[in-house]
Amino acid sequence: MPMQAQLDRRAAVAALLKDRKDTLVVSGLGSPTYDLHSAGDHDGNFYLWGAMGGAALIGLGLAQAQPEKRVLALTGDGEQLMGLGGIATIGVARPRNLDIVVIDNQHFGETGMQASHTGRGVDLTAIAAACGFAATGTVRTLEEVQCLAAQIAAPSDGPRLFVIKVLAENPPRSLPSRDAVFIKNRFRAHLGFAAA
Amino acid sequence: MHSPKPNPETDWPSELYRILKAADVRQMSYVPDAGHSRLIRMFSADRDVTTNVLTTEEEGIAIAAGAWLGGQRSVLLMQSSGVGNCINMLSLSAIGRFPLLMLVTMRGEWAEFNPWQVPMSRATQPSLEAIGLKVMRAETPEDLVETVESAASLAYESDQQIAVLIGQRLIGKKKW
């Protein structure tokens, strides 16, 4: 049995994004959206409150439209499990500027902490590797997250997927706006596009 | 030089390609359908357009939203059976008022050999409308070209979510 993860998810996401520069971030619904907001609201954040399974693919469309920017899809194990096919689509598309980081508590935290597949042997990094991702990895400590932050700041020749194993707990919610039109227009304005 | 006028009866995929290029579409994603095969080939050969083959149609809804966040217009191609896969993901387009243009080839409604296509065919338009999309239909090649042109304007210039249903009668009978 693997050891129980002890890493605090908020500390992990804060460390991951501490020096984000102009990285664009899309967060999956539930805790990753709260984690991203808690690390500091930013015009280059797009927060999901639904569309489960879509975070990494929104990241793909964005990465293809903005090839000079780094794009990070920050999501949870449950959200990425719903979008497993998307890992194949991203592997084939092979964007050089897209990273998926899965904050993996091995549970569906928003709905009562039911155990998910990742605590029962399903390895998202192995799936990504089999889909042709350029790099994959699993980290479990704050020091490893700091190294990961440096790694994803460096260029890549293809998409990467990393899993951060975190303690299964629900910290106090940190709630961004639920108005998707506002967040969308703010995000686009950040990139220099006028609202229609 | 004399250039012959295109014949919409046979050249409608070329006409759709011309219209979508004129609308500055830069990304195209698809789950294949025989009715879309020529359009897929034209986009795949176009270095100015990024194409994504999908494992399931709702992936394209998310890609389209991401493309728009990044300042690009996209189009999504599928057959009617794929519409059922999209419904929850369409919440993203609807609640975020993301421009969306889906071109849906209809199965299960005209000279259909495969009965398994029929239930989703029946559910296609009602389910799209239930989640908030505007549905436009075309039954002839001439009508299709004009419909897609106006749908592209509505989507990209008025931030609307549009599905254009391409009647099976227009596509022609599948050979078994």
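Figure 1. A:V102 stands opposite A:V163 in β8(A). The model is predicted: local features need pLDDT of at least 70, side-chain atom pairs count only at pLDDT 80 or more, and totals for chains, interfaces and linings use all residues. Residues are numbered from 1 along each chain as its sequence is written, while chains are lettered from A and ligands numbered from 1 in the order in which they are written. Strand β8 (residues 160–165) of chain A runs parallel to β4(A), and 6 bridges join the two. Helices (H or I, at least four residues) and strands (E, at least two) are DSSP runs, numbered from the N terminus; two strands pair if DSSP finds at least two bridges between them.

**Figure 2. Strand β4(A) and its surroundings.** Parallel pairing over 6 bridges links β4(A) to strand β3 (residues 71–76) of chain A. Within this pairing, A:L72 has A:D99 of β4(A) as its bridge partner. Strand β4 (residues 98–104) of chain A is largely enclosed by the rest of the structure, because 7 of its 7 residues are buried. A residue is buried if 20 or more other C-beta atoms lie within 10 Å of its own, exposed if 12 or fewer, and partly exposed in between, with C-beta atoms placed from the backbone. In a regular strand the side chains alternate between the two faces of the sheet. Both faces of β4(A) are covered, with A:L98, A:I100, A:V102 and A:D104 buried on one side and A:D99, A:V101 and A:I103 buried on the other.

**Figure 3. The side of chain A that touches chain B.** Contacts involve 27 residues of chain A and 27 residues of chain B; two residues are in contact if their C-beta atoms, placed from the backbone, lie within 7 Å. Elements giving two or more residues to this side of chain A are α3 (55–65), α5 (84–93) and α8 (180–190) of chain A. The most come from α3(A), with 8 residues. By class, this side of chain A has 16 nonpolar, 9 polar and 2 charged residues. Ala, Val, Leu, Ile, Met, Phe, Trp, Tyr, Cys and Pro count as nonpolar, Asp, Glu, Lys and Arg as charged, and the others, Gly among them, as polar. For the complex, the predictor gives an ipTM of 0.97 and a pTM of 0.96.

**Figure 4. The open sheet of chain B.** In chain B, 6 strands with parallel pairing form an open sheet in the order β2-β1-β3-β4-β6-β5. Its edge strands, β2 (50–53) and β5 (134–138) of chain B, each pair on one side only. On average, neighbouring strands of this sheet are turned by 20 degrees against each other, direction ignored. Strand β1 (residues 25–30) of chain B is joined by 5 bridges to the parallel strand β3 (residues 73–79) of chain B. B:M28 has B:V75 as its bridge partner in β3(B). Helix α3 (residues 58–69) of chain B packs on the sheet and touches β1, β2, β3 and β4 (100–105) of chain B; the direction of this helix makes about 170 degrees with that of β3(B). Axes are lines fitted to C-alpha atoms, for helices over the stretch in contact, and angles run from 0 to 180 degrees between N-to-C directions.

**Figure 5. Chain B as a whole.** Chain B contains 8 helices and 6 strands. Buried residues account for 47% of its 176 residues. The C-alpha trace of chain B spans about 45 × 45 × 25 Å along its principal axes.
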